Amino acid sequence: MKISGLSQACENNKEPILAQLEHMFAHTNTVLEIGSGTGQHALHFAPRLPHLIWQPSDLAYNHALINEVISYAKSGNIASPLALDLAEPWPVERVDGIFTANTLHIVSTDLVVSFFAGVAKHLATNGVLCIYGPFNYQGEYTSASNAQFDAHLRARDPQSGIRDQGWVVELANTAGLELKADVAMPANNRLLHFVRR
Ligand SMILES: C[S@@+](CC[C@H](N)C(=O)[O-])C[C@H]1O[C@@H](n2cnc3c(N)ncnc32)[C@H](O)[C@@H]1O
């Protein structure tokens, strides 16, 4: 695939994430991905999760790249990207899976709260939510590199930054979800697996 603007981090993390999603989304019919970015995760995951439909979404300006990347898909289970801005109502009805990678530390604190309002509204009972990215625990960084990354994020946008796992779990609980697993991933990232009660 010779496309400019691809993410090396996505290339590095896609296989370890998929190894987890194969179990977590084993009984899921449709996964709505929030903040698909380049579409590389969609392209990698969908053919290996052939029982489900992968629905990418992002701000509209990312759609040209996502469409270009997913045009390389050899499986027919990736939908065209939806324009989904966390600041607006979501253009979906009910889904039984939601995935997001590396978004909660990019968007503002208010939009993290909006994300969970959207999850509460659109995730079906027994639906699965998986969130990948870096997290803090009791306000502590899990590595020096995460501390540096957080400083970089906050210098660029004071509303962004690595979130505390406890706060995210609290928002999820309020939205009616239960934490099933918090999996350590390479490069000091985590994969949080929730189920809607
Ligand atoms: C760091 S990128 C992560 C992309 C991809 N998921 C990955 O792991 O490489 C953050 C993503 O959040 C998206 N994003 C930023 N603000 C958003 C918003 N208000 N609503 C939805 N997505 C947003 C960006 O467009 C971008 O694709």
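Which residues surround the ligand, and which are the closest? I started there, keeping in mind that this is a predicted model. I count 18 residues around the ligand. Gly-35, Asp-58, Asp-85, Leu-86 and Ala-101 are the closest of them. Sorting that shell by class, I get nine nonpolar, seven polar and two charged residues.

- Asp-58: an N or O atom of the side chain is 2.6 Å from a ligand oxygen. Asp-58 is also on my list of closest residues.
- Asn-62: here too the side chain supplies the N or O atom, at 3.0 Å from an oxygen of the ligand.
- Gly-37: this one goes through the backbone, with a polar atom 3.4 Å from a ligand oxygen.

On its own it has 590 Å² of accessible area, and the protein covers 83% of that.

Where does the ligand sit? I find it in the largest pocket. I put the volume of that pocket at about 980 Å³. There are 37 lining residues, and Ala-101, Asn-102, Thr-103, His-105 and Ile-106 come closest to the pocket's centre. Ala-101 was already in my notes as one of the residues closest to the ligand.

Which elements give two or more residues to this lining? I have helix 1 (8-24), strand 1 (30-34) and helix 5 (144-156). Helix 5 gives the most, with five residues.

Last entry, the lining by class: I get 18 nonpolar, 15 polar and four charged residues.

How values were computed: Residues are numbered from 1 along each chain as its sequence is written. This is a predicted model: local features need pLDDT of at least 70, side-chain atom pairs count only at pLDDT 80 or more; totals for chains, interfaces and linings use all residues. Side-chain values use heavy atoms; hydrogens and water are left out. A residue is near a molecule or strand if one of its heavy atoms lies within 4 Å of it. A polar contact is a pair of N or O atoms within 3.5 Å; within protein, one must be able to donate a hydrogen and the other to accept it, and residues adjacent in sequence count only if both atoms are side-chain atoms. Accessible areas come from the Shrake-Rupley method with a 1.4 Å probe; for residues, only the protein chains shown count as cover. On a 1 Å grid over the protein atoms alone, a cavity is a set of points where a 1.4 Å probe fits but cannot get out, and a pocket is an open set with protein on both sides within 12 Å along at least five of seven lines; lining residues have an atom within 4 Å of a point. A molecule sits in a cavity or pocket if more than half of its atoms lie within 2 Å of its grid points. Ala, Val, Leu, Ile, Met, Phe, Trp, Tyr, Cys and Pro count as nonpolar, Asp, Glu, Lys and Arg as charged, and the others, Gly among them, as polar. Grid points are joined across faces, edges and corners, and a volume is the space filled by probe spheres set on the points. Helices (H or I, at least four residues) and strands (E, at least two) are DSSP runs, numbered from the N terminus.
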